[in-house]
Amino acid sequence: MTNEQQGPVGQQGLPGEPPQDPGTPPGGQQDTAAAHGGFTTVADAGTRAPVDVRAVARGTEEAGIRCVLSKIVSKGTGGPAHLARWDGHPLIHPSLAIAVPEDAPGKVIKRTADLCAEAGAVLQVHVNEHLASVERSLKSVGRRPLEHLHHLGALGPHTLGAHATLLTPAEMRLLADSGAAISYNPVASAWKGNGVAHATMLAAMGVRFGMGTDGTRADGFRLLDAGETAQRLAYGMAAGDSVCGAGRLWLEHATARSADALGLGRVTGEIAAGKAADYLVVDLNVPALTPSYDLEWELVRLAGRDQITAVVVNGKLRLWQGWPPDWDGPALVARAARLGPEVVRRAGLQRVAPAQNP
């Protein structure tokens, strides 16, 4: 799973021209796509594939994007080494993950949570996403996934739960009281979920949450639109709530609140003295925003990645008008187009679609 967060939004163009000496295209196709969509940071919640996550780190380093990089440690091994491996790296922030609570023994979950708390890292875990997961947890440990984490003492400010689409009022209270954070993934709910996380309720209760994708969206502005729209359809219409957080809520949770959920609140998330220079430069001189009545709401509803003039991460220009300034972006796209079909063929994927009527 990949959760992605959007960086702070700038409002003026950069003077001058970017460098004009493209080099050899690096790896990191997905990370380059994320940057193109306005994401300055991605959070990777680990992989079960038998590969070294160094491959993910290399892609993010080459694309120049910030990454909260997890290693799944459901067997209880490898956690300290992973955290130490990336300690002090300017762009890679180590994290540990348990895919779902029922994947690991309770002692491993508690030990991993304690390790993250001591290291100032986040523990990433899928919680209450599907009915099947809730039912598996009830059958195996007698508690719902979030309740199980709380029972183990693993729910705290260092915990980042993905999805949380099926929360009871009591579980929302547990999140608020524990200080745990949630990744609100609205597009994933539309594609494969059993529900939509009640983000406006979580905000009202003081629950920390950031905006995530679960790998389903590569345009930060479209993600914000989806986040607001999902709340409106799932909860706002029934309650007669015509505001649903307005633009301010979604912009705040896509920037500063997302950084906080990832444990990076002291590093990035806002344009302020002492914070890393992670930001976007957005062209507002477009017909859709002229004249502007409520810019924050209009950015959520009307803006798109085609308006992103520049992406800056850690003070360095990473993309200019959609392309990297210091290496050959079109060559990377061409290489991905050439290799992609073969990768899919080797993976043996099967597309499932409704039967066509004769």
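This is a predicted model: local features need pLDDT of at least 70, side-chain atom pairs count only at pLDDT 80 or more; totals for chains, interfaces and linings use all residues.
Residues are numbered from 1 along each chain as its sequence is written, and side-chain values use heavy atoms, with hydrogens and water left out.

Let's begin with the core. By nonpolar core I mean a set of buried Ala, Val, Leu, Ile, Met, Phe, Trp, Tyr and Cys residues joined through side-chain atoms within 4.5 Å. And buried means under 20% relative accessible area, with exposed being over 50% and partly exposed in between, using a 1.4 Å probe and protein chains only. The largest nonpolar core here has 67 residues. Which ones have the most contacts inside it? Those are Leu-175, Tyr-184, Phe-209, Met-211 and Trp-250. The element that gives the most to this core is helix H10, residues 220-239, with five residues. When I say helix or strand, these are DSSP runs numbered from the N terminus: H or I of at least four residues for helices, E of at least two for strands.

In general, a pair of aromatic rings is described by the distance of the centres and the angle of the planes. The rings considered are those of Phe, Tyr and Trp (its six-membered ring), and they pair if their centres lie within 6.5 Å; planes under 30 degrees apart count as stacked, over 60 as edge-to-face, and the rest as tilted. How many aromatic pairs does the structure hold? It holds two. In one of them, Tyr-184 and Phe-209 have ring centres 6.2 Å apart and planes at 90°, so that pair is edge-to-face. Tyr-184 sits in strand S8 (residues 181-184) and Phe-209 in strand S9 (residues 208-211), so the pair ties together parts that are 25 residues apart in sequence. Then Tyr-184 also pairs with Trp-250: the centres are 5.9 Å apart and the planes are at 40°, so this one is tilted. Trp-250 is in helix H11 (residues 246-254), so here the parts tied together are 66 residues apart in sequence. Put together, Tyr-184, Phe-209 and Trp-250 form one aromatic cluster. Are these residues buried or exposed? Tyr-184 and Phe-209 are both buried, and Trp-250 is buried too, with a relative accessible area of 0%.

While we're in S8, look at Ile-182, which is found in that strand. Ile-182 counts as buried at 1% relative accessibility. From Ile-182 to Met-211 is 29 residues in sequence, and 8.6 Å in space, C-alpha to C-alpha.

Next stop, strand S6, residues 123-127. Five of its five residues are buried. Both faces are covered, with Leu-123, Val-125 and Val-127 on one side, and Gln-124 and His-126 on the other. What are its neighbours? Two strands pair if DSSP finds at least two bridges between them. S5 and S6 run parallel, joined by three bridges, and Ala-97 stands opposite Gln-124 in S6. S6 also pairs with strand S7 (residues 159-163) in the parallel sense, over five bridges, and there Val-127 stands opposite His-163.

On a 1 Å grid over the protein atoms alone, a cavity is a set of points where a 1.4 Å probe fits but cannot get out, and a pocket is an open set with protein on both sides within 12 Å along at least five of seven lines; lining residues have an atom within 4 Å of a point. Grid points are joined across faces, edges and corners, and a volume is the space filled by probe spheres set on the points.

The second largest pocket has a volume of about 490 Å³. It is lined by 25 residues, and Ala-119, Gly-120, Ala-121, Gly-263 and Leu-264 lie nearest its centre. Strand S5 (92-98) and helix H4 (106-119) each supply at least two lining residues.

As for cavities, there are two of 30 Å³ or more. The second largest cavity has a volume of about 40 Å³, and S11 gives the most to its lining, with four residues.
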